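Hi,

Here is the model I promised to pass on.

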There are 2 protein chains.
Amino acid sequence: MVTPTKIEEARRAYIESLTETMAMYGLSPSMGRLYGTMFFHEDPMTLDEMMDLTGMSKTSMSTGVRALSALKLVHKKWQKGVRKDLYEAEHDQVRSFIEFFCVMWDKEIELNARALSRAEENLNGLLDDPEITPEEVTNIEMDLNRLAKAKLYYTWLRNLVKTFESGEIFDHVPVPEYLDK
Amino acid sequence: MVTPTKIEEARRAYIESLTETMAMYGLSPSMGRLYGTMFFHEDPMTLDEMMDLTGMSKTSMSTGVRALSALKLVHKKWQKGVRKDLYEAEHDQVRSFIEFFCVMWDKEIELNARALSRAEENLNGLLDDPEITPEEVTNIEMDLNRLAKAKLYYTWLRNLVKTFESGEIFDHVPVPEYLDK
DNA sequence: CTGTATATACAGTTTATATTGTACGGTTTT
DNA sequence: AAAACCGTACAATATAAACTGTATATACAG
């Protein structure tokens, strides 16, 4: 007879690989294992089930599942008559991908575009100083030049995010059809 | 008179922001500071200059600059008569972006597509077992189904990488023009 | 070929992150 | 209203990563 552990072993190996990938993107091992576990789980899961299946603490499940929710990799799901919170993995992985990277890229833009503006302001302010030396002017202008180029990058990235979020990207890189057998 | 430190202070603030962004993508603080420093430095730099400007150890500079090179965020540059290795930041940030993410995505595909194939093989092997129970068959088929869907995602991602690497992406998300003043 | 300078390997130390166990606050059931 | 249960905050521990200093290998100039 086929032991259940053989099926589980096949899952485990793939989950391990998923975990490694997610670690690449800065997610913790526990989040990776948790997501992988949920990926294979048909029904929405409770924190306790997660605890059992992953063998990790409930606290980890709580924080992990919340973090995964924030990234839209899993979703809360309500079920009438069930008190416990239920979560399931987002099944559309392309969607997860887009969600994940757009959030990151947005953060990058938000963070750096602001810092860039401040730096520009400061440098422009220095140019007004009457006692500035010619050498300093050169340096400041070089910096401003670099920042101006960087701004173009952020503009491009903003447009890229739009292209992904609007789904326009699929006009150029279509999602292959799923053919149920 | 404008002190040099005021210019440096403007730089430092922006570098800090860059560092934070890069941390988001899994790069260490030292790599972030180093890249940021090189971003503002006109000429190619030696390890010693990096050490001076960042205030960090030479070992950090050596490993950091090599890691940044692997990601194509900086480039080695030869200069006749100079024995020391010289490095400069890649000025085209859009190119850096594409290079960086395509490397990551390639790694993800390579790692997971392989693990997926192995999992499929294993599960299909289990189906051949004559003593398998109907319930197990259901479970295995559910798993195979999920994996089949995941494969579509990897196919899509492969195509996305191609679209970026070939430059085709710029037909749909063009890089804004730089207008020198 | 020798001396000198350069970059990296390695081990140790420091610092940060991930994970767990316990305790608490809020809700539902009896 | 009391009891039971659920999810999360918080502090403590375990684990891992970053960073440095010293030692070694490599490459170049004379």
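Within chain A, six residues of domain 1 are in contact with five residues of domain 2, contact meaning heavy atoms within 4.5 Å. The bounds are 4–90 for domain 1 and 94–172 for domain 2 of chain A; they come from an automatic or database domain assignment. Taken over C-alpha atoms, the centres of these two domains of chain A are 36 Å apart.

Before going further, please note that this is a predicted model, in which local features need pLDDT of at least 70 and side-chain atom pairs count only at pLDDT 80 or more, while totals for chains, interfaces and linings use all residues. Residues are numbered from 1 along each chain as its sequence is written, chains are lettered from A and ligands numbered from 1 in the order in which they are written, and side-chain values use heavy atoms, with hydrogens and water left out.

Back to chain A: domain 1 and domain 2 bury about 620 Å² between them, 70% of it from carbon and sulfur atoms. Buried area here is the accessible area (1.4 Å probe) that two parts lose on being put together, summed over both. One salt bridge links the two domains of chain A, a salt bridge being a side-chain nitrogen of Lys or Arg within 4 Å of a carboxyl oxygen of Asp or Glu. A:Lys72 and A:Glu99 form a salt bridge, with their closest N and O atoms 3.4 Å apart. On the side of domain 1 of chain A that touches domain 2, four residues are nonpolar, none polar and two charged. In this scheme Ala, Val, Leu, Ile, Met, Phe, Trp, Tyr, Cys and Pro are nonpolar, Asp, Glu, Lys and Arg charged, and the others, Gly among them, polar.

Now to the two chains. Their contact takes in 72 residues of chain B and 71 residues of chain A. The area buried between chain B and chain A is about 6,600 Å², with 68% given by carbon and sulfur atoms. In chain B, the residues losing the most area to chain A are B:Arg146, B:Trp156 and B:Tyr178, together 12% of what that side buries.

How many salt bridges are there between chain B and chain A? The count is four. B:Arg11 and A:Asp143 meet through their side chains in a salt bridge, at 2.7 Å from N to O.

I look forward to hearing your thoughts.

Best wishes
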